[in-house]
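Please look through the sequence and the structure shown below before reading on. The report that follows takes up one part of the chain after another.

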Amino acid sequence: MPFNIKNILYNHGYSINDKSKNIYLVLYDSIKKAIQYKSLIHGIKLPPSRILSKDLGVSRSTVIKAYELLVLEKYVSVIQGSGSFVNKIIAQKETKSKEQEKRNLPKLSKIGKAFKSHVLITNNNEIKGIPFRPGIPPLDIFPILQWQKLSNIYWGSIKSSELSYYSPTGLPSLKESLIQYLKIYRGITCHANQIVVTTGSLHSLSLIGSVLIDRNDEVVVENPTYPYAVNLFKSLRAKICSTTIDAEGICINEVVCNKPKLVYTTPSNQHPTGVKMSKNRRIELLKWATKNNAFIVEDDYDHEFSNWENPITAIYNLDEHSRVIYLGSFNKILHPSIRLGYMIIPEYLLDSISGLLQQSSRFVSPSIQKTLSLFIEKDYLNRHLRNIIQVSSERKEVFLKALSENFENELTINSNNKGLNVIAELKEGVDDEKLSNYLNETGVTTYAYSNYFHQGDKKNGLVMGYCSVNNALIQENITKMAASYYEFIELQKR
Ligand SMILES: Cc1ncc(COP(=O)(O)O)c(C=O)c1O
């Protein structure tokens, strides 16, 4: 990919006027720094010496000498006939922080620091594989060609005047499709001006949090719950009030707090335990919210899966006092990389949220919004939903069978979750975080169950998605996972 290396090198100390050392060393230093700070990333091709020498106004031998030094120090590799490529390097944290101190950069804001210290660690290492990452639908059956054709319809008929700015809350055509979709799939009736199109549930939650939460405001969350939500609230410097859950869902009357601003809940399929909140508890929660003057954020992140067999009415539908903010997402039923979701908000929040969107991400790309609205209109979404429900139910069976065959009595499986995840509790003393990191090294992704608890006793286990890959890959990866698990247990004994 062509890029402007000249700017990068100047940003990393290159200067033709630096007379303190030979020019090839100045060039070598600046390329090395650019690699260390990842301005030149692993795999990128450096310009041929002939071109760089021309761009910088130095001799070709200067560039060749600098490149030779970088090769010698393993920052760069030469592939004969192809060119010079940047190697992967291990970040040198200490050098970086010293360098920053030297540059005397402005201090982070309190909120900036809070976001930095609440980066979620569901898995310490870089995630290495798709199987069995939680929350991922069957990726291999997403109708790529169908989507491509619909996208071509958009691009085939677009006028240049349509390439401008759009409303921050979403395209009217998508809002209309969503209104129909919500009526059919969730029994929800709402107006187009209550809908805000976002890039997903987490984006929706972040917008809500930003317009509602001040420092030390109380936010009620279930324990355990979706850790990204808790971390978001902590980063916004809210006070977290924890509630337990039982077989009927949230135990809201047990919560200890003074003036709660909102309660975040996943009633269709409690995340990650899979408890479905009973109708009584939904009503109780609404009464509690009305009495306490709080909002309820109903994260219906996977209702298409969890409500398929036994639908239960959304809290949103029971609400008569504009207490509920409803979140939906297409990242679970299509694929996470599509980044499309929506929320239904009370009119009271509309101007603040529109303003925030206008001053931040502005709007979701109209091409994606339009393609989704065609996907819904042409009934492709309905067909895709039926496919994923069937395929994921078959895969769940294969997954659970393979687990029980390969792990004997090592795991206690909780497959209550009607969505995309299964929890396997571990024997006492097995550290789920360490195990999860160990498995990750072999390309098997699991999340440590203990990370979903933000208070009190934590349970040890693995949260796993079971349907992102096909049956053969499920079997293959469970066998691999079991081998690594027993290896891990042996290593722990030593
Ligand atoms: C409970 C819950 N809510 C929200 C999300 C975020 O979804 P999205 O990808 O739409 O932001 C997830 C993702 O895993 C989730 O598990």
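## A hairpin

Which residue in β2 is the bridge partner of S77? In this model, which is a predicted one, S77 is partnered by F85 of β2. The two strands concerned, β1 (residues 76–79) and β2 (residues 83–86), run antiparallel and are joined by 4 bridges.

Between β1 and β2 there are 3 residues, and the two strands form a hairpin. In its turn, G81 has a positive phi of about 85°.

## Domains

The domain assignment of the chain gives domain 1 (5–86), domain 2 (142–381) and domain 3 (387–493). The C-alpha centres of domain 1 and domain 2 are 48 Å apart.

## The open sheet

An open sheet is formed by 7 strands, which follow one another in the order β3-β11-β10-β9-β8-β4-β5, with mixed pairing. At its edges stand β3 (195–198) and β5 (239–243), and because each has a single partner strand, one side of each is left without a neighbour in the sheet. From one strand to the next, the twist averages 20°.

Helix α10 (residues 227–235) packs on this sheet, where it touches β4 (218–222), β5 and β8, and the direction of α10 makes about 170° with that of β4. Within the sheet, strand β8 (residues 260–265) pairs with strand β9 (residues 295–299) in the parallel sense, over 4 bridges, and V263 stands opposite I296 in β9. In a regular strand, side chains alternate between the two faces of the sheet.

## Two helices in contact

Helix α8 (residues 172–186) and helix α15 (residues 366–377) pack with their axes 9 Å apart and at an angle of about 35°, and the crossing in which α8 passes α15 is left-handed. On the side of α8, the contact is made by S173, L174, S177 and Y181, while α15 contributes Q369, K370, L372, S373, I376 and E377. Sorted by class, the contact of α8 with α15 has 4 nonpolar, 4 polar and 2 charged residues.

## Around the ligand

How many residues surround the ligand, and which are the closest? The ligand is surrounded by 13 residues, of which G200, S201, L202, S329 and N331 are the closest. By class, the shell around the ligand has 8 polar residues, together with 4 nonpolar and 1 charged.

Note on methods: Residues numbered from 1 in each chain as written. Predicted model: local features only at pLDDT ≥ 70, side-chain atom pairs only at ≥ 80, totals over all residues. Near = placed C-beta within 6 Å. Nonpolar A, V, L, I, M, F, W, Y, C, P; charged D, E, K, R; others polar. Domains from an automatic or database assignment. Pairing = 2+ DSSP bridges. Axes fitted to C-alpha atoms, helices over the stretch in contact; angles between N-to-C directions. Contact = placed C-beta atoms within 7 Å. Left-handed = near helix turned anticlockwise from the far one by under 90°.
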